Amino acid sequence: MSKGKIVSIHSFRGGTGKSNTTANLAAQVALAGKRVGVVDTDIQSPGIHVLFGLDENKMGKTLNDFLHGKCTIGEVAFNIGEKAADADGRAKLSGMNLWLFPSSIRGREISQILREGYDVNLLNQGFQGMLKELDLDYLFIDTHPGLNEETLLSIAISDILVIILRPDDQDFQGTAVTVDIARSLDVPNLLLMVNKALPKYNAADIKQTVEENFKASVAGVLPLSFDMAENASQDIFSLRFPDHEWSKALRGVSQSILEIK
Amino acid sequence: MPGIFDRLQKEIENKQGEGGITALDLADLPPTLRKIMRLMLRELQLGYPEMTDAIASLPDAERIPSKELDESLDVLTRQGWLIRIGEGLKAIYKVNLRRKSGSNLAGGIWGTLDEKLKK
C-alpha cells in the first residue's frame, strides 16, 4: 500500500468554505515540503480549480475523462507548482510539489456523468493511482456537500477525515450524521474544523462545546472574515495574507494533519 | 491473440458487472469483514499470501486469525463484494464496488439539455 495519506474534507451542508479550506490546507502542507495532490470529486458542481487559477482554457484532461476511459489518471494531474503560480499568494507555490486533479466544468460532461453514472471501482483506482504515480505524501479529496457515492467512498478510504461545520444548529445536526458514519466506517483519524465563527464569540468556548457534543477533536476555530469574502476565491488566502487571524487558525489545522503519524 | 493477463482482466471486468458493494454497505458490515474491505479498498488487488502478510503486519489487537480470515474471504466472495480469481494460495482478490447508477430522469429531458448545451 502507498505510504501516502488520504485526507477527505467534508461538510454535511454547502457554504461552509470546504473548497477554500481544502485548497489552503493543501497549499500549507505543500509549503511544509510534502508531495501533495488535491482531487475535486464534486463532479456535479466543481469549483476548487478556481482557487488554483485554472479556467476552462487552461484545464487539460479532467477526472471526467478518466472516468470515461479517455485518459490515465496521470494525464489528469495539473502541476500547480509549475503552471499556476500566477497570483500573489499562489506565487509562493512555485516549485512546490502540488498537483490538482480537476473535474470538468463543461456542461455536457457534467450532464453525461449525471445521466450515465460511472464505475466507482475506477474512481477508487484513480485515487490509489494518484498516490502511487506521483509518490504523494498526502491526497486531499474535496467532496460534494452531504452524502453520496463519492463522499462515502472518500470517507471509507480516508486516513484522516476533516469535517467542516459552522456554529449553526443545522450544521451541528448534519455533522452528527457524518461523524456517526465515519465511526461506522472505522476512519482512523477524525478532525473537526469550525469555520465562519463570529469574532464576538470566544473560540475556546466554541471548541469546547463542539468537542463535548461530538466527542472528537477540534483542530481549529476559524473566524468569519470579510477579508476572506473579498478574496472571492481569486487566490489562496492563507498564502496571500499569512498574518491574518483566519490564516493563523488554518495553519493550526494543517499542523494537526501533519502531526498525525 | 489475448494473453493470460488480458483473459484474467476480462474475467474480473465481467464479474465486476454483477452487483458489488456500496460504501454505505461497508458501514453495516461486522468488524472483521469491514477491516478486510477497508484494506482491499486501499490495495485494490491482493494475492492470498500478500493478504495474510498484510493482516499479520497489523497491530496485535487488529489481527485476524487464519481460519476467520478464510471464512471472511468466503463470505465476501459469495456476496460478490470481493472477486476471487483462482483458488487456495494462488487466489487473487479484487474489490468490487457497485457502479454509480445514472439518473432516472426521462431520456428526452437529457436530450433536450444536450441540445441546449451544444449551442
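Predicted model: local features only at pLDDT ≥ 70, side-chain atom pairs only at ≥ 80, totals over all residues.
## A walk through chains A and B

Now widen the selection to the two strands. β2 of chain A covers residues 36-40 and β5 of chain A covers residues 138-142, and they pair in the parallel sense over five bridges.

Next, show the whole sheet of chain A. You'll find an open sheet of eight strands with mixed pairing, in the order β3-β4-β2-β5-β1-β6-β7-β8. Color β3 (78-79) and β8 (217-223) of chain A: these stand at the edges with a single partner strand each, so one side of each has no neighbour in the sheet.

Select residues 120-133 of chain A, which is helix α7; it lies across β1 (5-10), β2, β4 (98-101) and β5 of chain A. Its direction is at about 145° to β5(A). Then pick helix α10 of chain A, residues 203-214, which packs on the sheet and touches β7 (189-197) and β8 of chain A. Here the angle with the direction of β8(A) is about 140°.

As background, nonpolar side chains tend to be buried together in soluble globular proteins.

Now hop over to chain B. Its three strands make an open, antiparallel sheet in the order β1-β3-β2. β1 (45-47) and β2 (82-85) of chain B are at the edges, each with a single partner strand, so each has one side left without a neighbour in the sheet. From one strand to the next, the twist averages 20°.

Zoom in on β1(B) and β3 of chain B (residues 92-95), which pair in the antiparallel sense over three bridges. Leu46(B) has Tyr93(B) as its bridge partner in β3(B). Across β1 and β3 of chain B lies helix α4 (residues 48-56), running at about 100° to β1(B).

Last stop: the contact between the chains, with 24 residues from chain A and 23 from chain B. On the chain B side, α2 (23-27), α3 (31-43) and α6 (107-118) each supply at least two residues. α3(B) gives the largest share, five residues. Color that side by class and you get ten nonpolar, five polar and eight charged residues.

Notes: Residues numbered from 1 in each chain as written. Chains lettered and ligands numbered in written order. Contact = placed C-beta atoms within 7 Å. Helix = DSSP H or I, 4+ residues; strand = E, 2+ residues; numbered from the N terminus. Nonpolar A, V, L, I, M, F, W, Y, C, P; charged D, E, K, R; others polar. Pairing = 2+ DSSP bridges. Axes fitted to C-alpha atoms, helices over the stretch in contact; angles between N-to-C directions.
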